[in-house]
Amino acid sequence: MSNINWNQGNLITLHQGDTATCAGNLNNGQLYGLFFYNSAGNDTSTPVVVVGAQSQDPVIVNVPGTTGNQGLAAICFVDGSRTNTVSISITQGTPGAQIQAFICSVKMPLDTNGISNESLPLDGQLHAFNKFTRYYSVPASHWYSAQIQSDINQFISVQFEEYKAKVYIVNATQETVDGTIDFIQYLGGENTKRLVSTEVSSKQSIAFTLQGNGRQTVWMNADSVQNSQRATISVQSLSALYKTHKISESELIEDFV
């Protein structure tokens with residue numbers, strides 16, 4: 001049983017009875033995702049209790065059991081405007097529990113040990129999107145086309161901007177397409193949920209546009225090792241395309257969508 005300093009949002013491992021606390025390090029006006037992986041090596045699911053400000057009800061995140069540390073992440077979103085401190089705990093009633101956890105946003109983790117933290121080239125090329133990969137970039141103030149692709153069922157990633165996030169689910173199961181997404185929770189309930197959108201595709205890729213504003217965008221893998229083996233992400237400037245092909249940027253966006 002231990003108390004872990006989680007102020008850096010770094011990748012940590014918790015066991016039965018452990019608590020990790022990020023004290024006063026969440027910023028007003030930023031949205032955070034707490035990512036949980038079950039690494040116990042058995043099929044027993046583990047409840048993780050998430051606590052923020054006193055005005056917020058605690059949230060229990062059920063992290064699905066798996067073998068060989070091969071499961072996908074469970075996620076709890078936290079609004080830094082409503083609490084600057086968050087803690088996570090595994091209760092004494094879960095013998096053998098072992099959870100890997102980290103905090104992701106445009107700011108975190110500050111300590112990226114164990115996380116592949118890389119700048120994403122906005123070159124339109126396919127880049128591998130492996131487990132524990134955090135891509136970041138600062139798109140200029142124009143439109144971009146993007147694509148996330150995976151031929152494995154239910155590949156999940158999260159795009160963070162400063163005060164919002166979007167969950168992309170590629171090659172989704174029919175249950176997810178129908179709206180059953182039970183691996184995402186929200187500390188603060190509907191007030192936090194409104195900051196998060198979800199895009200689900202039953203196909204092997206999701207194509208979308210994004211508009212840069214000179215601020216950082218982050219893409220975080222939320223999936224397992226085996227689900228990420230052939231997953232890719234690509235982002236390309238539409239401004240560069242229309243300058244090359246001498247057509248308007250609006251025409252390119254219309255063709256894309």
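Good morning. The largest pocket holds about 240 Å³ of space. A pocket here is an open set of points on a 1 Å grid over the protein atoms alone, where a 1.4 Å probe fits, with protein on both sides within 12 Å along at least five of seven lines; lining residues have an atom within 4 Å of a point. The volume is the space filled by probe spheres set on the points.

This is a predicted model, in which local features need pLDDT of at least 70 and side-chain atom pairs pLDDT 80 or more, while totals for linings use all residues. Residues are numbered from 1 along each chain, and side-chain values use heavy atoms, without hydrogens and water.

The lining of the largest pocket comprises 18 residues, with Gln159, Glu161, Lys164, Lys166 and Leu210 nearest the centre. Strands S14 (155–161), S15 (164–170) and S18 (205–211) each give two or more residues to this lining; strands are DSSP runs of E, at least two residues in length.

I turn to the sheet. Four strands form an open, antiparallel sheet in the order S11-S20-S13-S18, where pairing requires at least two DSSP bridges between two strands. S11 (127–128) and S18 are the edge strands, each pairing on one side only. Two bridges join S11 to S20 (residues 232–237), and His127 has Ile233 as its bridge partner in S20.

Finally, Asn38 belongs to strand S4 (residues 31–38). Asn38 counts as buried because its relative accessibility is 2%, buried meaning under 20% relative accessible area with a 1.4 Å probe, protein chains only. A polar atom of the Asn38 side chain lies 3.2 Å from the backbone nitrogen of Ala40.

Notes:
Buried means under 20% relative accessible area, exposed over 50%, partly exposed in between (1.4 Å probe, protein chains only). A polar contact is a pair of N or O atoms within 3.5 Å; within protein, one must be able to donate a hydrogen and the other to accept it, and residues adjacent in sequence count only if both atoms are side-chain atoms.
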